[in-house]
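Hi,

Here is the model I said I would pass on.

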Amino acid sequence: MSIPSTMRALRQTSLDGPRDLRLVTDAPVPSPGPGEVLIRVTAAGVNFVDISQSRGTFANGPRPPYLAGIEGAGEVVAVGEGVTGLEPGAHVIGVGVQGGAFAEYMPLFAAGAVPVPPGWTDEQALGLVVNLPTALAALRPLGGVAEGRAVLIHAAAGGTGQAAVKMAKHYGATVIATASPDKHEVVRALGADHVLDSRGGDIAAEVLALTDGAGVDLTLESVGGAAFDASLAATKRVTGRVVVFGLAGGEAAISNWDLVYKHQVQIIGLNIGALIQAVPQVFGEVMEELFELFGAGVLGPGEPTAHDLAEGPKVLAELEARSTVGKLALLP
Ligand SMILES: NC(=O)c1ccc[n+]([C@@H]2O[C@H](COP(=O)([O-])OP(=O)(O)OC[C@H]3O[C@@H](n4cnc5c(N)ncnc54)[C@H](OP(=O)(O)O)[C@@H]3O)[C@@H](O)[C@H]2O)c1
């Protein structure tokens, strides 16, 4: 296959958010470096991290101008020096946190590229390396979810949240979910036991009422901002865990005073990239368990809502405005 020298891509030109994401047609096609493969991207996953990067709130994120998008799936078209086990023609999905997935071609580290499961399209594999392992790591090794436990899941209609609801129900938990009101039916259909309004109401009081005043055993905290304090208040004293893995609603402060006198809970930070680097064996176990869930039919091929690459700025603006449901894809 001949590889062109330039390509279509979405370039972020400022840190003022998705409105400064621009379609370009003359981006240089990258060459795979040592240990990398070059893929022809057939589907790119949209993640909330794309918003964080476009706003400059992602730690050590790319500086504009940069090609946006971290999650790409497609066909290997070239392999860099020292790559073994991956040949042109293979279909893989992977992540590059410095961007480049919203483009026709993207380099990926071969060691982190996961084969698209047999029988799946590249598009159906989106979520496999970001949303799903994050949800599972939060629930299992970090959150200790088990039969009979109560779990609070925020952003439950989102790409990560939907997977978390399905998995938590599979492991026998009672799920209390939060979402914007127009998404409640979607979350109920996934099996959530209770769905609360993420845009209003007193989440902590509602969760305490649903758990006889005890609070939940585990909270998946991806919202932050004003919701953070409510999440801590909604979690069971002493044994309850709060896994913090996102801050879609902004930063939130917590002091040692809070932990001693107000919220006696266990707070655990999760960043899936850091987890992969620091405890690769745990990540391996998470991926193994994920594939068991596929085998058992708990999870299946993804069903992202796909848009043309050119619609990226609009799609990201909608994600930021909380008007999207489920996993989103851009097709170059
Ligand atoms: N740490 C990690 O390694 C890691 C990995 C993957 C994802 N994440 C995090 O997980 C979260 C979900 O990611 P995702 O890509 O699957 O996105 P998503 O859930 O599809 O979209 C974000 C959702 O967050 C909710 N939300 C609540 N308050 C918000 C606010 N002030 N602004 C924007 N959204 C708000 C919205 O749902 P409602 O309107 O229904 O409430 C929105 O639809 C994000 O916080 C992301 O950063 C972290």
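Predicted model: local features only at pLDDT ≥ 70, side-chain atom pairs only at ≥ 80, totals over all residues.

**Domains**

The protein splits into domain 1 (6–126 + 302–331) and domain 2 (131–273). Their C-alpha centres sit 28 Å apart. Domain 1 puts 9 residues into the contact, and domain 2 puts in 11 residues. Between them the two domains bury about 760 Å², with 48% of that on carbon and sulfur atoms. If you want to see where domain 1 does this, go to Arg-322, Val-325 and Gly-326: they lose the most area to domain 2, and together they make up 59% of what the domain 1 side buries.

**Ligand**

Which domains supply the shell around the ligand? Both domain 1 and domain 2 do, with at least three residues from each. There are 26 residues around the ligand, and those that come nearest are Thr-160, Ser-180, Ser-198, Phe-245 and Ile-272. Sorted by class, the shell has 11 nonpolar, 12 polar and 3 charged residues.

- Ser-198 has a polar side-chain atom 2.7 Å from an oxygen atom of the ligand.
- Ile-272 uses a polar backbone atom, which is 2.7 Å from an oxygen atom of the ligand.
- Phe-48 also goes through its backbone, with an N or O atom 2.8 Å from a ligand oxygen atom.

How much of the ligand does the protein bury? On its own the ligand exposes 900 Å², and the protein buries 89% of that. As for secondary structure, α2 (131–139), α3 (159–170) and α10 (312–320) are the elements that give two or more residues to the ligand shell.

**Backbone details**

Two spots in loops deserve a look while you have the model open. Pro-64 and Pro-65 are joined by a cis peptide bond, with omega at about 0 degrees. You will find Pro-65 in the loop that runs between α1 (48–55) and β4 (66–67).

The other spot is Ala-155, which is not a glycine and yet has a positive phi of about 50 degrees. Ala-155 belongs to the loop between β9 (150–153) and α3, and α3 is one of the elements named above for the ligand shell.

Tell me what you make of it.

Cheers

Methods
Residues numbered from 1 in each chain as written. Heavy atoms only, no water. Near = heavy atom within 4 Å. Polar contact = N/O pair within 3.5 Å; in protein donor to acceptor, adjacent residues only side chain to side chain. Areas by Shrake-Rupley, 256 points an atom, 1.4 Å probe, with all protein chains shown as cover. Helix = DSSP H or I, 4+ residues; strand = E, 2+ residues; numbered from the N terminus. Nonpolar A, V, L, I, M, F, W, Y, C, P; charged D, E, K, R; others polar. Domains from an automatic or database assignment. Contact = heavy atoms within 4.5 Å. Buried area = accessible area lost by both parts, 1.4 Å probe.
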